Amino acid sequence: MSRAVIIPPCRSLCGSPRLPGDKSISHRRALLSLCVADDVVLENFADGEDCAATLECIARLGKRVLREENRVTLSGVAGFSSGELDCENSGTTARLLAGILAARDGHWTLTGDASLSQRPMERVAVPLRSMGADVATTDGHFPLTITGRPLHGIEYESPVASAQVKSAVLLAALAAEGVTRYREPLRSRDHTERILNLAPGSHGWISLDPKRTRLNGLTLSASIPGDPSAAAFWIAAALLVPGSRLTLRNVLVNPVRAAYLRLLREAGARIEWSGEEIHDGEPVSDVRVEHSAFRAFQIAENDAPALLDELPVLAVLAAFAEGVSNFYGLGELRVKETDRLALITRGLARMGARTAATNDSLTIRGGNVLHGAEIETGGDHRIAMAFAVAALTANGNSVIENADCVGVSDPEFWNEGGRLLPDSVTLES
Ligand code: S3P
């Protein structure tokens, strides 16, 4: 039985919250270790349950996995033994693993929890099948079965801007015969391309020639930067609570992941980052944020993929902004760990915010004084953390149900809250 958290309004947050290592990069570097014989050492590996599920699958496929605090060492040669692989709540584990396994010898069934079992899997099965893969979904969902087969390169224009689909195809392409070309309607996060030294060419086509992209020449070991999607909640909290000032250290500021920082800074929020350095192929910086007023913002359909995981907390921020914010292109929010658009609108309405949603858009009138409420999270980590932020400046206490779900991406979130806001967070069984 998961606990609830009671959050009273708080006075100010100061200091430097600890961030988990970036989840997307942790998954990718760990999964790619399946394809190499060299030891891979990952420092500051993401400590959430999603990445733990990836490590579990990697161990089942025959690698030795040694975890010492936040350092993970992956060694030995994967035997890819057939069987069931439990991806738990993690869409990234599921879809990237499908790409890696498609060309290997063996037969696997990928399973997951109730939430992952409802998420669409044909989006990854379709391009893999056209490469020659034997991938079967269960009415478009999990369980997913894969029987390894020789693959060939394809030219594929994806109908969705999804880094998971793109990565699955690129990972399969590494073991295919011939060149694969991939294009997406809007740019999604590009960590797989960065690790593999690929860049989009003319008209956004990414080209992977397995004869040129040789994994054995690549260094997969790395120190993983702080997760900007985890930082987003602390940044929002500092903006909203008077007297707050936070410094977030070593944050990933990859342009496809820093759209949140740029959007808020353009809306007048006091957020600074400078002195970007490239660490293991990704730009990293400290980020400073202070309590400040900010204007409403407009998120066009084209902006949504780069803000995907930050949309729940942006909706909370919009409720406090000056003016009316509009969000478009939110269709993908309906097929995340939960129907996030539904839970955001319900939660904000419960707290007294004025919102209007369609199937894929959301309008929020800012300047609301919110009141404490009982918030339904559906077990979705980003919904729980977004409403924890809203609760900090609401009138009266809020209760976040199913609060342990934050462990999917940031198991220390409530402890950090307790450290930065003494006596403000109570966990109830
Ligand atoms: C991720 C891609 C995004 C994102 C998810 C992580 C990744 O999902 O929402 O949290 O690591 O590739 P989609 O690929 O479904 O858009």
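Student: What makes up the shell around the ligand, by class?
Tutor: The shell has two nonpolar, four polar and five charged residues. Asp, Glu, Lys and Arg count as charged; Ala, Val, Leu, Ile, Met, Phe, Trp, Tyr, Cys and Pro as nonpolar; the others, Gly among them, as polar. This is a predicted model, where local features need pLDDT of at least 70, side-chain atom pairs count only at pLDDT 80 or more, and totals for chains, interfaces and linings use all residues. Residues are numbered from 1 along each chain as its sequence is written, and side-chain values use heavy atoms, leaving out hydrogens and water.

Student: Which residues are around the ligand?
Tutor: They are Ser24, Arg28, Thr92, Arg95, Ser162, Ala163, Gln164, Arg189, Leu308, Asp309 and Lys336. Each has a heavy atom within 4 Å of the ligand.

Student: Which helices each supply at least two residues of the shell?
Tutor: Helix H1 (23–32), helix H3 (91–101) and helix H5 (163–173) do. Helices are DSSP runs of H or I, at least four residues, and strands are runs of E, at least two.

Student: Why is the ligand said to lie between domain 1 and domain 2?
Tutor: Domain 1 (4–21 + 226–428) and domain 2 (23–223) both give residues to its shell, so the ligand lies between them. The domain bounds come from an automatic or database assignment.

Student: What kind of peptide bond joins Phe142 and Pro143?
Tutor: That bond is cis, with omega about -10°. Pro143 lies in strand S9 (residues 141–147). Most peptide bonds are trans.
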